[in-house]
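Welcome, and please open the model in your viewer.

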Amino acid sequence: MVRAPIIAPFRKLMTTRSKPTIVWFRDDLRLTDQPALHAAVTSGRPVLCIYIFDQVSEGVRPLGAASRWWLHHSLASLDDKLRTIGGRLFLFQGATEAVVAALLRTGIEGLMFNRRYQQAERRIDDAVVDLCRREGVAVEDFVGSVLHEPWEVIPKTGGFYKVFTPYWRAAVAHGPTLPPMGVPGPMAKSAPGPRVEGGPVALEELGLLPEISWDGGLCDTWEPGQDGAQRALDLFLREKVESYATDRDRLGVAGSSRLSPHLRFGEISPREVIAALERRAGSSAEKFAAELGWRDFNTALLFHVPDLSTAPFHKSYARFPFTKLTPAALAAWQHGRTGYPVVDAGMRQLWQIGTMHNRVRMITASFLVKHLLADWRIGERWFWDTLCDADPANNPLNWQWIAGCGNDPVPYFRIFNPVLQGEKFDPDGAYVRRYVPELADLPDRWIHKPWEAPSDVLVKVNVVLGKTYPAPMVDHAKARVRALDALRRHRETLDRDQA
DNA sequence: TGCATCTTCTG
DNA sequence: AGAAGATGC
């Protein structure tokens, strides 16, 4: 371990004052409903708020580019918020254990944090707890950003839930989640950030922002941070939640809550969202509450089966003969040039604004794993890099679900038809027109299948298939039959193995 | 949180 | 002919 130099005059300063308690922020970048911060501030001791940007510890999955962009702005916002209660945020980078060890040597009273639920992160946290105990530093951890912790909702027969519906029934029966805490009062004057190896560093030094500025669409779309999260929640409750159950499926309508990246970084807790929802009963509110349940369910599943982000839940799929995509085919999917308008609109929405309508996530993912027969991990990695809400549990598990290798997956024969899905959920083509502007003038009738439009129509709207917009990269009917054959064969192999 | 195809019913 | 329902992948 690297021994960090301790600056002598600073140490003297520390010993003459009461030692600070560290509040270690992680995926909980908020002041509201923040148990660790609340406990530290109400103790009346000096509080030192820190964040450690750790991409190097064993097993930690490096953040994708969109998540890095989000984190940058979220950290800036958290620092602003902390200043409103007399604190500020000190940033460090490097291996967590080394940074914490160095900090402890500067004289620390205690360490507080809210729990995480992924394997690598829990190993780090356990090591930090051990470190504190060895050094005689009081350490306290609190419930993380979930409604229920993974070990709280388990079947009577033991093990863990593999199907959402029984999980959610049990979670609801388990009783109400903790009422969210408010913002703690002003904190004791914040201790200065001790200088150690790894920090404190300026936000810019973390290098989270893109080097070439591709983030214009993200900047125009999102307001990372606690205030943005609260605003999104207010807007959702005011204008969207009533019709959520129906509007969420309409691609051209902004019917979703847009809370997912805020929840991912813990800028708002699901307990706060539930508390706000409970003031308004109704089936739409319940539908939305269940969506929060999905987040917990996936978190719990990953907790119980740590390799789910890379390994199929159904092990037989490790041997599935995926098609190796050509670089051109992969790029066509990634950048929205498949020739299927609704698929291309979704992939371009993702690239431009770091999110994608949930139904379109299913359509585009299904296209990659069924029409192109690609390994779901290829798509998972792309989403991980481009989604602002890329979540270590939700992203891989949703991909496993659509690929058919997950716990409780879609049946293998369920293959989305991108034309029918477009016609059903984007009947006026508003979504396609927004993200595939070269098709904007096509009449509704052809907007989801330009290759069927009569040539005089195409001429009139300046569409030349293969030039201004790609011809379909695969034929839906043929690709569907090919996928059904491959998946059925795979299934027969399975049955034979088991027999 | 599907799709395609077949059957039956109705005008 | 076309809607509506049933069925297998």
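A cavity here is a set of points on a 1 Å grid over the protein atoms alone where a 1.4 Å probe fits but cannot get out, and its lining residues have an atom within 4 Å of a point. Grid points are joined across faces, edges and corners, and a volume is the space filled by probe spheres set on the points. This is a predicted model, in which local features need pLDDT of at least 70 and side-chain atom pairs count only at pLDDT 80 or more, while totals for chains, interfaces and linings use all residues. Residues are numbered from 1 along each chain as its sequence is written, chains are lettered from A in the order in which they are written, and side-chain values use heavy atoms, without hydrogens and water.

Start with the largest cavity, which has a volume of about 400 Å³. Select Asp 27, Tyr 117, Ser 145, Thr 299 and Asp 391, the closest to its centre of the 23 lining residues. Now colour α12 (283-304), which gives the most to this lining, with 5 residues; helices are DSSP runs of H or I, at least four residues, numbered from the N terminus.

Next, go to the second largest cavity, with about 70 Å³ of space. Its lining includes Tyr 317, Phe 320, Trp 376 and Leu 487.

Finally, show DNA strand B, with Arg 359, Trp 401 and Arg 480 among the residues around it (a heavy atom within 4 Å counts as near).

Methods. 1 Å grid on protein atoms, 1.4 Å probe; cavity = no way out; pocket = protein on both sides within 12 Å on 5 of 7 lines; lining within 4 Å. Helix = DSSP H or I, 4+ residues; strand = E, 2+ residues; numbered from the N terminus.
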